[in-house]
Amino acid sequence: MNTGSSDDNDDQIGTTDGNNFFVRTSGSERLRIDSSGTVLIGATSSTNSGNLVIADSVAASIVLTDAGAAADLKTRRIYTANQDLWIQRRNDDGSLKGTDV
């Protein structure tokens with residue numbers, strides 16, 4: 001692993017030898033950037049092509065939150081369940097609406 005500054009004085013952390021870069025917590029790998037630049041979260045490899053792969057044993061998801069006013073509860077969650085793709089919306093009043101895509 002390499003840390004420090006590059007020639008143009010930008011700080012960096014990672015590898016310079018083509019190896020994968022890992023982040024671990026509690027002794028388990030949580031994130032990997034492989035040598036091709038693919039980011040894997042919850043997975044150590046993937047046969048799917050893509051720049052971001054998220055895996056989970058129950059339901060992989062991405063949550064997008066509107067960070068507006070304190071009372072603003074809007075979130076969007078994209079997730080998988082039972083081999084279906086879902087988009088769920090939480091409104092300002094806290095109500096949920098889900099859509100199977």
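Arginine 32 touches Asn20, Phe21, Phe22, Thr38, Val39, Leu40, Ala43 and Thr44, leaving out residues up to four places away in sequence. The model that shows these contacts is predicted. Arginine 32 lies in strand β4. Its relative accessible area is 13%. Arginine 32 is therefore buried, as the cut-off for that class is under 20%. The side chain of arginine 32 also reaches a backbone atom, the oxygen of threonine 44, at 3.1 Å. Threonine 44 is among the residues that arginine 32 touches.

Arginine 32 has a charged partner. Side chains of opposite charge can pair when their charged atoms come close. Here, arginine 32 forms a salt bridge with glutamate 29. The closest N and O atoms of the pair are 2.8 Å apart. The count of salt bridges in the model comes to one. The side chains of glutamate 29 and arginine 32 are likewise joined by a polar contact of 2.8 Å. Are the two partners buried or exposed? Both arginine 32 and glutamate 29 are buried.

Glutamate 29 is found in strand β4, which spans residues 28-33. The relative accessible area of glutamate 29 is 18%. That value is under 20%, so glutamate 29 counts as buried. Beyond residues up to four places away in sequence, glutamate 29 touches Phe22, Val23, Arg24, Ala43 and Thr44.

With a relative accessible area of 41%, arginine 30 is partly exposed. Neighbours within four places in sequence aside, arginine 30 is in contact with Val23, Arg24, Thr25, Leu40, Ile41 and Gly42. One of these contacts is polar: the side chains of arginine 30 and threonine 25 are joined at 2.7 Å. Another involves isoleucine 41, which is 11 residues from arginine 30 along the chain. The C-alpha atoms of arginine 30 and isoleucine 41 are separated by 5.9 Å.

Serine 26 is found in the loop between β3 (21-25) and β4. Most residues other than glycine have a negative phi. Serine 26 is not a glycine, yet its phi is positive, at about 50°. Serine 26 has a relative accessible area of 75%. The cut-off for exposure is over 50%, so serine 26 is exposed.

Two arginines sit over aromatic rings. Arginine 24 lies over the face of phenylalanine 22, at 5.6 Å from the ring centre. Arginine 77 lies over the face of tyrosine 79, at 3.9 Å from the ring centre. Phenylalanine 22 and arginine 24 are both among the residues that glutamate 29 touches.

The partners differ in accessibility class. Tyrosine 79 counts as buried, at 13% relative accessibility. Tryptophan 86 has a relative accessible area of 25% and is partly exposed.

Isoleucine 87 has its place in strand β9, which covers residues 84-90. At 38% relative accessibility, isoleucine 87 counts as partly exposed. Glycine 98 lies 11 residues from isoleucine 87 along the chain. The C-alpha atoms of isoleucine 87 and glycine 98 are separated by 5.8 Å.

These details belong to an all-strand pattern. The protein has zero helices and 10 strands. Read along the sequence, the order is β-β-β-β-β-β-β-β-β-β. How much of the contact count comes from residues 24 or more positions apart? Such residues account for 0% of the contacts with a separation of 6 or more. Buried residues make up 13% of the 101 residues in the protein. Arginine 32 and glutamate 29 are among the buried residues. The accessible surface of the protein comes to about 7500 Å². Carbon and sulfur atoms account for 48% of that surface.

Key. Residues numbered from 1 in each chain as written. Predicted model: local features only at pLDDT ≥ 70, side-chain atom pairs only at ≥ 80, totals over all residues. Heavy atoms only, no water. Buried < 20%, exposed > 50% of the residue type's maximum accessible area, 1.4 Å probe, protein only. Lys NZ or Arg CZ within 6 Å of the ring centre and 35° of its normal. Helix = DSSP H or I, 4+ residues; strand = E, 2+ residues; numbered from the N terminus. Polar contact = N/O pair within 3.5 Å; in protein donor to acceptor, adjacent residues only side chain to side chain. Contact = heavy atoms within 4.5 Å. Areas by Shrake-Rupley, 256 points an atom, 1.4 Å probe, with all protein chains shown as cover. Salt bridge = Lys/Arg side-chain N within 4 Å of Asp/Glu carboxyl O.
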